[in-house]
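Open your viewer and get ready to click along with this tour. At each stop you will find something to select and a short note on what is there.

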Amino acid sequence: MVDLHGQYLKIKSEIDSSIQNVIDSCAFINGPAVKDFTQHLSDYLGGCHVVTCANGTDALQIALMALDLKSGDEVIVPAFTYVASAEVIGLLNLTPVMVDVDYTTFNISIEALANAITPKTKAIIPVHLFGQSCDMEPLLDIAKQHGLYVIEDNAQAIGAEYTFSDGHKAKTGTMGTIGCTSFFPSKNLGCYGDGGALFTNDDALSERIQMIANHGQKIKYHHSVIGCNSRLDTMQAAILDVKLKHLDEYCAARYTAAQYYTHAIKQIDPSERLFVTPVEATYSTHVYHQYTLKIKSSHRDKLKEYLTKNGIPSMIYYPLPLQEQEAFKPISHAGSNLMVAKQCADSVLSLPIHTELNIEIQNLVIEQLSHFCSQCL
């Protein structure tokens, strides 16, 4: 699904040098590379505060902790997403409220969100799934109207850009109260281990986030709040600082590969009787963290099995919507009908997409899709 080694080979000299610099300095915790990467990522995102941490799930947890929510407060989250987005809500004894998603973009349904708000609602976690932004303008309007916090889960869409109705643009992760991301190796901006970060435009909130991520202390051994120990190690920061310089190039390569897939698949199945290609929203660029098809009828699992048999990897993100996960049944409730989330879980299939994907490899994938399609239609 990804080719991390091929990507590494193209920037090997830069990566090796950055790693060697960390080893030579022996500043393995909070070394200079962490500060450098933090500043460079802030610049890339337009100047917001950036606080690095150990992983994307920690980022989401720290974000909720920083907002000082109380037990039983409700946090709205899409039902079709990775577990971490809702897991941290339950972990902090808050109430996850599952809402449906838009079938075309996979992102949170604005209508379902609006209908799910109650007096107990305190925050919304929109997830920019698979590489493009949620429709943030109406979402932010709803949040403002009801006095709600917005925590953007930007683990899959770093580098994507949202366009507001007045024409101004903003990077995903920088529009809400707090943005969170993951630097898991397969992400568009990934390190060679675990890593994460939080973004905010609020000075006081940035300071609080830094304290929470550092045992609740601003001054060493003086603990003002209950915190945790979550930090990006210097080696990973040095690697990320190199890869950040290539992020737009990586996103462009993924986009080019996605367009090639889409053009070819539409030729195979022009009426979309079997394959529905990804939809690009007019308000967002798409950085294609995943290239995700919807497979009509009952053919999804058969297609996955067929591709595997013919040496083509594929993945189902995600086979169960959150409302069907055993862990959430006792602690969550549905804020809307969740039929679309269930439809997505039953129909999605992601094809290989990464920065090193070439036309020859894509043609092998497309050839197998064509063979399967001819057998089914």
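**Stop 1: a strand residue to start from**

Select T95, which sits in strand β3 (residues 95–99). Helices (H or I, at least four residues) and strands (E, at least two) are runs assigned by DSSP and numbered from the N terminus. Before you go further, note that this is a predicted model: local features need pLDDT of at least 70, side-chain atom pairs count only at pLDDT 80 or more, and totals for chains, interfaces and linings use all residues. Residues are numbered from 1 along each chain as its sequence is written, and side-chain values use heavy atoms, with hydrogens and water left out.

Is T95 buried or exposed? T95 has a relative accessible area of 16%, so it is buried. Here buried means under 20% relative accessible area, exposed means over 50%, and partly exposed is in between (1.4 Å probe, protein chains only).

Now show what surrounds T95. Apart from neighbours within four places in sequence, T95 is in contact with G72, D73, E74, V75, I89, I331 and H333. Contact means heavy atoms within 4.5 Å.

**Stop 2**

Next, click N93, in the loop between α5 and β3. Most residues other than glycine have a negative phi, and most peptide bonds are trans.

**Stop 3: the aromatic rings**

Show the aromatic side chains next. How many aromatic pairs does a search of the whole structure find? The search finds 14 aromatic pairs. Rings of Phe, Tyr and Trp (its six-membered ring) pair if their centres lie within 6.5 Å; planes under 30 degrees apart count as stacked, over 60 as edge-to-face and the rest as tilted.

Select F80 and Y318 together. Their rings form an edge-to-face pair, 5.9 Å centre to centre with 65° between the planes. This pair links distant parts of the chain, 238 residues apart: F80 is in the loop between β2 (74–78) and α5 (84–91), and Y318 is in the loop between α11 (300–309) and β14 (333–334). F80 is buried, with a relative accessible area of 1%. Y318 also counts as buried, at 12% relative accessibility.

Now select F106 and F130, another edge-to-face pair, 5.2 Å centre to centre with 75° between the planes. F106 lies in the loop between β3 and α6 (110–116) and F130 in the loop between β4 (121–124) and α7 (136–146), so the pair ties together parts that are 24 residues apart in sequence. Both F106 and F130 are buried, with F106 at 6% relative accessibility. F106 also has a positive phi, about 75°, although it is not a glycine.

To see these rings together, select F80, Y82, F106, F130, Y317 and Y318, which form one aromatic cluster.

**Stop 4**

Zoom in on the backbone between Y317 and Y318. A cis peptide bond joins these two residues, with omega about 15°.

Then click M315, in the loop between α11 and β14. M315 is partly exposed, with a relative accessible area of 34%. Not counting residues up to four places away in sequence, M315 touches M1, K304, L349 and S350. If you like, draw a distance from M315 to T292: their C-alpha atoms are separated by 9.0 Å, and the two residues are 23 apart along the chain.

**Stop 5: zoom out**

Finish with the whole chain in view. Its secondary structure comes to 13 helices and 15 strands. The radius of gyration of the chain is 21 Å, close to the 21 Å that the globule rule gives for 377 residues, so the chain is as compact as a globular protein of that length. The radius is taken over C-alpha atoms, and the rule is 2.2 Å times the number of residues to the power 0.38. Along its principal axes, the C-alpha trace spans about 70 × 55 × 45 Å. Buried residues make up 56% of the 377 residues.
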